[in-house]
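Subject: Structure for you, with notes

Hello,

Here is the structure I promised to send. Please open it alongside this email.

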Amino acid sequence: MRLLMRLKAAKGQCYDMMYHHKLQGFIYSMLRKSGYGELHDKKGYKFFSFSNIFPIKDMEEGESAHLIIASPDQKLISSLEAALDDVARINIGEMSFELVSVRKLNTRLKRGSLRLLTATPVIIRIPERNYGRYKIPEDERKARYVYWRPKYSFEAFVKQLTENMIKKFNEFHGTEVRINELFEQFVFRRATATNVVIGGRSYVMIGSMWEFIWSDMDEMQRKIIEFGMDAGFGERNSLGFGFVNRVKIH
């Protein structure tokens, strides 16, 4: 389930491209207010994701903007909605917005074809144990992991993305689902490099933008992809990565 927040720029302002941790901080403050404060210190998956503040551009005072927060936990979304009831203004770093309205959006998928576009980059890491398998060049191997990028094996991207999604799904639902073919068609858009501040230090995260296409999907695929639309694709979802949107097919 998703929460669509309609915003209005409280002043003329430049768009802060390094907003991730600031926006994450706002979301955590709302989660604490709604009884989900323990998520901040939870190890592993947080099971929420969020979009960019969009449109991505400098704004004049009074211009409209939007933000979407998503989670497969419907209770979390309802609690966030309630916590936002008495919020009039939202400050994200130097950006300031008036909160105009909040509305729930359902992400239920129907049978048939589907197209998804990444709104924020998908982050995939190749663990050190798989360097040989995916022929990662010796001079590019780092301790623990490397970020996937287009020059590396496409198989590595698909496998890590699929395993990550299924692992999150199983942990959230307490299941032991196994599925090999989760995706059908991939259209690569571009590679990205995003500066993110974590614990006061700046890191560059390498990601990629995609279009994902299915001509049809079985019931289990549908459930997992539907889950991924709320929990996020790939890694670092609670920092705003891996947020996807459905595209209408005419």
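Predicted model: local features only at pLDDT ≥ 70, side-chain atom pairs only at ≥ 80, totals over all residues.

Four strands form an open sheet in the order E9-E10-E6-E11, and the pairing is antiparallel. The edges belong to E9 (185-198) and E11 (244-247). Each of these two has a single partner strand, so one side of each lacks a neighbour in the sheet. On average, neighbouring strands here are turned by 25 degrees against each other, direction ignored.

E9 and E10 are joined by 13 antiparallel bridges. Within E10, Gly-207 is the bridge partner of Thr-192. The two strands form a hairpin with 2 residues between them. Look at Gly-199 there: its phi is positive, near 60 degrees.

On to E6 (residues 114-118). This strand pairs with E10 (residues 201-214) over 4 bridges, again in the antiparallel sense. Arg-115 sits opposite Ile-213 of E10. Leu-116 faces Phe-212, also in E10.

How enclosed is E10? Of its 14 residues, 10 are buried, so the rest of the structure largely encloses this strand.

**A helix on the sheet**

Helix H4 (residues 219-231) lies across E6, E10 and E11. Its direction is at about 25 degrees to E6.

**Helices H1 and H2**

H1 (residues 20-33) and H2 (residues 74-83) have axes that come within 9 Å. The axes cross at roughly 95 degrees. That angle makes H1 roughly perpendicular to H2.

Which residues meet? From H1 they are Met-30, Leu-31 and Lys-33; from H2 they are Leu-76, Leu-80 and Ala-83. By class, this contact has 5 nonpolar residues, 1 charged residue and no polar ones.

Asn-170 is in helix H3 (residues 154-173). Is this residue buried or exposed? Its relative accessibility is 13%, and the cut-off for buried is under 20%, so Asn-170 counts as buried. Its side chain makes a polar contact with the side chain of Thr-175, at 2.7 Å. Leaving aside residues up to four places away in sequence, Asn-170 touches Thr-175, Glu-176 and Val-177.

Best wishes

Terms used
Residues numbered from 1 in each chain as written. Heavy atoms only, no water. Pairing = 2+ DSSP bridges. Axes fitted to C-alpha atoms, helices over the stretch in contact; angles between N-to-C directions. Contact = heavy atoms within 4.5 Å. Buried < 20%, exposed > 50% of the residue type's maximum accessible area, 1.4 Å probe, protein only. Polar contact = N/O pair within 3.5 Å; in protein donor to acceptor, adjacent residues only side chain to side chain. Parallel < 35°, antiparallel > 145°, perpendicular 65-115°, else oblique. Nonpolar A, V, L, I, M, F, W, Y, C, P; charged D, E, K, R; others polar.
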